[in-house]
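Subject: Structure for you to look through

Dear colleague,

I am handing over the structure that we spoke about, and my notes on it follow below. Please keep the model open beside the text while you read, and look up each residue as it is named.

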Amino acid sequence: MMKSVGVNDQSGVAEARRAATDLAQRVGFTETDKGRLALVATELSTNLVKHGSGGEILVGTYEDNEGQGIEILALDKGAGMSNVAACLEDGYSSAGTAGRGLGAVIRQSHYVDIGSWPGVGTAVLARVAPGTPPSIKPPTVPTWGGVSIAKAGEDACGDAWSVSNAGNVRTLLVVDGLGHGPEASDAAVEAVRLFHRYNGHTVATLIDYIHGGLRATRGAAVSIARFDPATKNINFSGIGNVAGVIITAGETKRMVSMAGTAGFNTRKIRAFDYPFAQGLIILHSDGLASSWTVDRYPNLAALHPSLIAAILYRDFTRVRDDATVLVAKW
């Protein structure tokens, strides 16, 4: 689960910084690493006030094939940037200020990515890992990332996501526990545990095991997608309203889920095959409106998957629900 902080003034900046440093303390960051993270959180949230007319900061941990650490996402629906490259240069500013905020973020982070479009807004991803960031950022090949945010007012998120790898085969899971709060979270956590315990099975069998294992919980909607590059095929199975979407060559295809609730009732469990060679696979809970499109984001697929997930969350979240978006790219 990620911590969400609304930032509209200096009190929001302070809260975003506190959320970042509290998480750094919990995961064992050194004082030096904690200081770098605090600077990144401060600069990004200050930029929201200066340039984006306010926005939202998401703070959470990450662990993938690039490493592990803490990531901060800054989201706004402001004017956007027509020249992202220029905005990354120290001294440039669209608000008449020194313009060094993003430069400082880049220097103190291990990885930074930005998505911005005029009239749509800006989203910035900064990842801070233990140790001093390299002065020259090594090339990265991000392959998955996600955001998971609890309904406003809830301390526990009823959604969860996970990824499992076996050789070149990658399996994705998103689960949405029925309702909200701690009991929904318990169902989601159990689904993730079962996902990893039985991941060696076919997708249909795996989701059947999860269905059976959730009988002692309040139940959940669950979707699983597995991609094998050797066969250029996605095998997908879903129970309930966790959506699966493929975006490739500019086309969007929505995959088929079965009606029901894992742990309670469903029709005969089936998995479906979809041809796929490259592009995006997106799984999301019903905290995201089902009518979303990517039409107004040119070159969206070039961004880091965590950033893509955050942009979809920013623009299409239903607010009154937990929301989770998982993006994988090839």
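Asp33 and Arg36 are both buried, where buried means under 20% relative accessible area, exposed means over 50%, and partly exposed is whatever falls in between (1.4 Å probe, protein chains only). Their side chains meet in a salt bridge, with N and O 2.8 Å apart; the term stands for a side-chain nitrogen of Lys or Arg within 4 Å of a carboxyl oxygen of Asp or Glu. Because Asp33 and Arg36 are three residues apart in helix H2 (residues 31-51), about one helical turn separates them.

Before going further, please note that this is a predicted model, in which local features need pLDDT of at least 70 and side-chain atom pairs count only at pLDDT 80 or more, while totals for chains, interfaces and linings use all residues. Residues are numbered from 1 along each chain as its sequence is written, and side-chain values use heavy atoms, with hydrogens and water left out.

To stay with H2 for a moment, this helix has 21 residues and reaches 30 Å from its first C-alpha to its last, which is close to the 30 Å expected at 1.5 Å a residue; the expected span is 1.5 Å times one less than the number of residues. Helices (H or I, at least four residues) and strands (E, at least two) are DSSP runs, numbered from the N terminus. The buried residues of H2 include Leu37, Val40, Leu44 and Leu48, and also Lys34, Ser45, Thr46 and Asn47. After H2 comes Ser53, with a positive phi near 55°, and Gly54 belongs to the loop between H2 and strand S2 (55-64). Gly54 counts as buried because its relative accessibility is 7%. Although Gly54 and Leu75 are 21 residues apart along the chain, their C-alpha atoms are separated by 8.7 Å.

How many salt bridges does the rule give? The count comes to 10 salt bridges. One of them pairs the side chains of Arg314 and Asp315, with N and O 2.7 Å apart. Arg314 counts as buried because its relative accessibility is 6%, and Asp315 counts as buried too, at 14%. A further salt bridge joins Arg318 and Asp321, whose closest N and O atoms are 3.9 Å apart. In this pair Arg318 is partly exposed, with a relative accessible area of 40%, whereas Asp321 is buried, at 11%. Elsewhere, salt bridges that share partners link Asp64, Glu71 and Arg127 into one network.

Helix H7 is mostly covered, since 12 of its 12 residues are buried. The 12 residues of H7 should span 16 Å at 1.5 Å a residue, and the end C-alpha atoms are 16 Å apart, so the two values agree.

The loop between strand S16 (280-284) and helix H7 (305-316) holds Asn299, whose phi is near 60°, a positive value in a residue other than glycine. Asn299 is exposed, with a relative accessible area of 66%. Lys232 is likewise a residue other than glycine with a positive phi, here near 50°, and it sits in the loop between strand S9 (220-228) and strand S10 (233-239).

Thr266 is part of strand S14 (residues 265-266) and is partly exposed, with a relative accessible area of 26%. Thr266 and Gly240 are 26 residues apart in sequence, while their C-alpha atoms are 8.5 Å apart in space.

Which residues form the positive surface patch? They are Lys3, Arg17, Arg18 and Arg26. A patch is made of residues with over 30% relative accessible area and no salt bridge, like charges being joined within 9 Å and nonpolar side chains (Val, Leu, Ile, Met, Phe, Trp, Tyr) within 5 Å. Helix H1 (residues 10-27) gives the largest share of the positive patch, three residues. Arg18 lies in this helix, H1, and is partly exposed, with a relative accessible area of 45%.

With best wishes

Definitions and conventions: Accessible areas come from the Shrake-Rupley method with a 1.4 Å probe; for residues, only the protein chains shown count as cover. Lys and Arg count as positive and Asp and Glu as negative; His and the chain ends are not counted. The place of a charge is taken as NZ of Lys, CZ of Arg, CG of Asp or CD of Glu.
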